[in-house]
Amino acid sequence: MQEAKIILPVLDNNGRDIMHLHADLRGDLRRRYGGLTAMRGEGMYIHRIKGTMKEDVIIYTAAGEGSLRDLAIFYGKRAGQDSVYFVDFDGIARIEACDGK
C-alpha cells in the first residue's frame with residue numbers, strides 16, 4: 001500500500017466557492033480507499049500572464065494502490081482548473097492538464 005495526494009483549491013479561478021466539489025471528492029476517496037486525510041494549506045504557482053498567484057487549498061491524502069490520475073483530472077475539470085497537482089501511488093508528483101475552462 002502506498003500514499004497518494006490530490007490538491008484542490010477552495011475557490012475556482014473566478015473566486016467562487018467550490019466546497020461542494022470537495023464534499024464529492026471526500027466521498028469518492030472514502031468509497032475507493034476506505035478513508036482519507038484532509039488538510040488546509042496554501043498553494044502558490046506562476047501564472048503565465050498574472051505572475052505569482054497564491055490560493056487556499058485542501059490537500060487530500062489516501063492510502064491504497066492503483067492510480068489517482070483519473071480522479072484528480074475529473075475534479076480538476078469540475079473545479080474549472082487549467083491543471084491539477086497530485087502525487088500518485090507510485091510516489092511521483094504530477095501536474096496534469098485539465099482544460100477545465
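Modeller: In this predicted model, five strands form an open sheet in the order 2-3-1-4-5, and their pairing is antiparallel. Strand 2 and strand 5 are the edge strands, each of them pairing on one side only. From one strand to the next, the twist averages 30 degrees. Helix 1 (residues 19–33) packs on the sheet and touches strand 1, strand 2 and strand 3. The direction of helix 1 makes about 25 degrees with that of strand 3. Helix 2 (residues 69–78) also packs on the sheet, where it touches strand 1, strand 4 and strand 5. Its direction makes about 150 degrees with that of strand 4.

The pairings may now be taken in turn, beginning at the edge formed by strand 2. Strand 2 and strand 3 run antiparallel and are paired over 11 bridges. A hairpin of three residues connects strand 2 to strand 3.

Further along the order, strand 1 pairs with strand 4 in the antiparallel sense, over three bridges. Here Lys5 has Val87 in strand 4 as its bridge partner. Strand 4 (residues 83–87) and strand 5 (residues 93–97) are antiparallel and joined by five bridges. Ser83 in this pairing faces Ala97 of strand 5. The hairpin of strand 4 and strand 5 has five residues between the strands, and in it Gly91 takes a positive phi near 85 degrees.

The loop between strand 4 and strand 5 also holds Phe89, which pairs with Tyr33 of helix 1. There are two aromatic pairs in the model. In the pair of Tyr33 and Phe89, the ring centres are 5.2 Å apart and the planes lie at 55 degrees, so the pair is classed as tilted. The two residues are 56 residues apart, and the pair thus links distant parts of the chain.

Finally, there is the largest pocket, which contains about 850 Å³ of space. It is lined by 32 residues, of which Asn13, Tyr45, Glu55, Gln81 and Ser83 are the closest to its centre. Ser83 is the residue already described as standing opposite Ala97. Strand 1 (2–9), strand 2 (37–47), strand 3 (51–64) and strand 4 are the elements that give two or more residues to the lining. By residue class, the lining consists of 15 nonpolar, eight polar and nine charged residues.

Note on methods. Residues are numbered from 1 along each chain as its sequence is written. This is a predicted model: local features need pLDDT of at least 70, side-chain atom pairs count only at pLDDT 80 or more; totals for chains, interfaces and linings use all residues. Side-chain values use heavy atoms; hydrogens and water are left out. Two strands pair if DSSP finds at least two bridges between them. Helices (H or I, at least four residues) and strands (E, at least two) are DSSP runs, numbered from the N terminus. On a 1 Å grid over the protein atoms alone, a cavity is a set of points where a 1.4 Å probe fits but cannot get out, and a pocket is an open set with protein on both sides within 12 Å along at least five of seven lines; lining residues have an atom within 4 Å of a point. Grid points are joined across faces, edges and corners, and a volume is the space filled by probe spheres set on the points. Ala, Val, Leu, Ile, Met, Phe, Trp, Tyr, Cys and Pro count as nonpolar, Asp, Glu, Lys and Arg as charged, and the others, Gly among them, as polar. Axes are lines fitted to C-alpha atoms, for helices over the stretch in contact, and angles run from 0 to 180 degrees between N-to-C directions. Contact means heavy atoms within 4.5 Å. Rings of Phe, Tyr and Trp (its six-membered ring) pair if their centres lie within 6.5 Å; planes under 30 degrees apart count as stacked, over 60 as edge-to-face and the rest as tilted.
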